[in-house]
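Subject: Handover of a structure and notes on it

Dear colleague,

Please find the structure below, together with its sequence.

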Amino acid sequence: MQKATGLSDSMSGMELAGQDEVAVRSALLAWFRRHARPLPWRKSGDPYAIWVSEVMLQQTQVATVIPYYQRFLEAFPTVAELARASLERVLEVWSGLGYYRRARHLHQAAKELVRSFAGTFPEDYEQVRSLPGIGDYTARAVLSIAFGLPYTLLDGNVARVLSRLTALQGNLHQRGFRRAVETHLERMLSVRSPGNFNQALMELGQTVCLPRTPRCAACPVQTWCRGYKSGQPHLYPQPRPRRAAESHYLAAAIFRRGPRVAMVRGLGEGLLDDLWNFPAAFGRSREEALASLRHSLADFGFPSLALDDSVAELHHGITHRSIRVHAYPAELSNPPRKRGVRWFPVSSLRQAAISQLARKIAQHVL
Ligand code: SF4
């Protein structure tokens with residue numbers, strides 16, 4: 001068995017011999033044909049549908065994505081229909097899935113596809129990359145899965161499988177590790193079925209080669225797996241040191257006017273800017289958040305009200321922030337008419353383009 005050159009042993013892993021690469025590739029493809037989950041986007045060869053699924057699957061679990069994918073494709077069955085829709089409508093349909101920049105980019109890219117590519121998805125890598133929000137990974141995914149072009153795909157699941165298969169130490173945040181995995185992948189890629197090969201590796205990582213408890217007995221590539229032979233496959237890859245969660249306080253004002261509540265765009269500090277939220281402000285303590293809220297309410301023209309008694313306290317997480325939220329309700333008989341404030345009927349909040357946090361507060365307070 002040869003070792004890869006140019007990298008230390010631990011960071012390069014062990015290369016598979018040529019005949020083993022062929023055997024691993026065949027075993028993976030055969031396993032995928034038999035065991036692939038019938039995910040809705042796998043029924044489609046439509047690049048648009050595959051693109052939507054790939055964007056949704058970034059940062060989101062498969063099971064969560066499925067209903068959103070189906071709803072999105074029902075609302076916007078084609079690139080042209082997505083391009084024609086308003087951003088507000090797109091965000092409404094996306095609402096609840098999180099990371100809303102993805103939806104905004106999908107919408108912008110759909111407009112660009114209509115404007116510059118007659119509503120079809122280009123097959124050229126550089127053209128695909130020129131579209132808003134489409135990075136290297138998404139471009140490779142669509143080109144390999146929808147068009148059968150020989151691009152490899154590297155995500156956390158694929159890295160885990162490759163790291164175990166070749167006993168490669170490190171993690172995806174290390175350049176040497178990433179380069180070594182990419183080298184292994186390039187050598188192993190099926191040029192005839194690159195889409196299935198990529199999906200097979202991801203599927204194996206998601207359903208068999210699980211992070212803590214790999215199901216090696218059910219694995220089609222166990223025969224060649226160096227991690228399995230080491231007796232401790234779960235030690236590959238190595239974890240990245242975790243960033244500690246930061247504690248924040250948020251004060252939110254729930255202004256009611258009869259059956260309507262006041263919402264503004266964003267949450268401050270650049271968070272959730274595309275979505276409607278209750279007027280709110282962050283602080284390092286409950287008191288500081290409340291003081292900031294009073295201050296910012298003046299900007300929206302809300303009167304200075306008694307907001308001292310919070311009716312609800314709840315917790316919410318946004319990326320690495322752990323947020324303690326205090327919600328302060330108040331009834332307004334004479335609301336300000338200010339730009340940037342929208343009054344939503346309480347009954348419409350389920351379908352509106354509001355943040356998950358706003359939805360959570362509404363459930364507690366309204
Ligand atoms: Fe992962 Fe085990 Fe398969 Fe190796 S044998 S790839 S560790 S599931």
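Predicted model: local features only at pLDDT ≥ 70, side-chain atom pairs only at ≥ 80, totals over all residues.

Residues are numbered from 1 along each chain as its sequence is written, and side-chain values use heavy atoms, with hydrogens and water left out.

The chain as a whole

The chain has 15 helices and 7 strands; helices (H or I, at least four residues) and strands (E, at least two) are DSSP runs, numbered from the N terminus. Along the principal axes, the C-alpha atoms fill a box of roughly 80 × 45 × 35 Å. Of the 366 residues, 49% count as buried; buried means under 20% relative accessible area, exposed over 50%, and partly exposed in between, with a 1.4 Å probe and protein chains only. Contact means heavy atoms within 4.5 Å. Among contacts between residues at least 6 apart in sequence, 65% join residues at least 24 apart.

The strands

Two strands are said to pair if DSSP finds at least two bridges between them. β1 and β6 run parallel and are joined by 11 bridges, with alanine 251 opposite histidine 326 in β6. β1 and β4 run antiparallel, with 4 bridges between them; here alanine 251 stands opposite alanine 281, and leucine 250 has phenylalanine 282 as its bridge partner. β1 also pairs with β2 in the antiparallel sense, over 2 bridges, and arginine 257 is the bridge partner of arginine 260 in β2. β1 and β2 form a hairpin with 2 residues between them, and glycine 258 in that turn has a positive phi of about 60°.

A further antiparallel pairing joins β5 (residues 312–318) to β6 (residues 321–331) over 7 bridges, and in it alanine 312 stands opposite alanine 327. β5 and β6 likewise form a hairpin with 2 residues between them, where threonine 319 in the turn has a positive phi of about 45°.

In a regular strand the side chains alternate between the two faces of the sheet. In β5, Ala312, Leu314, His316 and Ile318 make up the covered face, whereas Glu313, His315 and Gly317 make up the uncovered one. In β4 (residues 280–283), Ala280 and Phe282 point one way and Ala281 and Gly283 the other, and all are buried.

Helix α15 (residues 356–365) has Leu357, Ala358, Arg359, Ile361 and Ala362 as its buried residues. Serine 355 is found in the loop between β7 (341–345) and α15. Serine 355 counts as buried because its relative accessible area is 1%. Leaving aside neighbours within four places in sequence, serine 355 is in contact with Leu272, Leu275, Trp276 and Asn277.

Serine 53 lies in helix α3 (residues 47–57) and is buried, since its relative accessible area is 0%. Not counting residues up to four places away in sequence, serine 53 touches Trp41 and Tyr69.

Glutamine 199 is found in helix α12 and is buried, with a relative accessible area of 11%. Its contacts, leaving aside neighbours within four places in sequence, are Phe32, Arg42 and Ile145. The C-alpha atoms of glutamine 199 and tryptophan 31 are separated by 11 Å, although the two residues are 168 apart along the chain.

Arginine 192 lies in the loop between α11 (175–188) and α12 (194–207). Arginine 192 is classed as exposed because its relative accessible area is 84%. Arginine 192 and glycine 148 are 44 residues apart in sequence and 7.7 Å apart in space, C-alpha to C-alpha.

Yours sincerely
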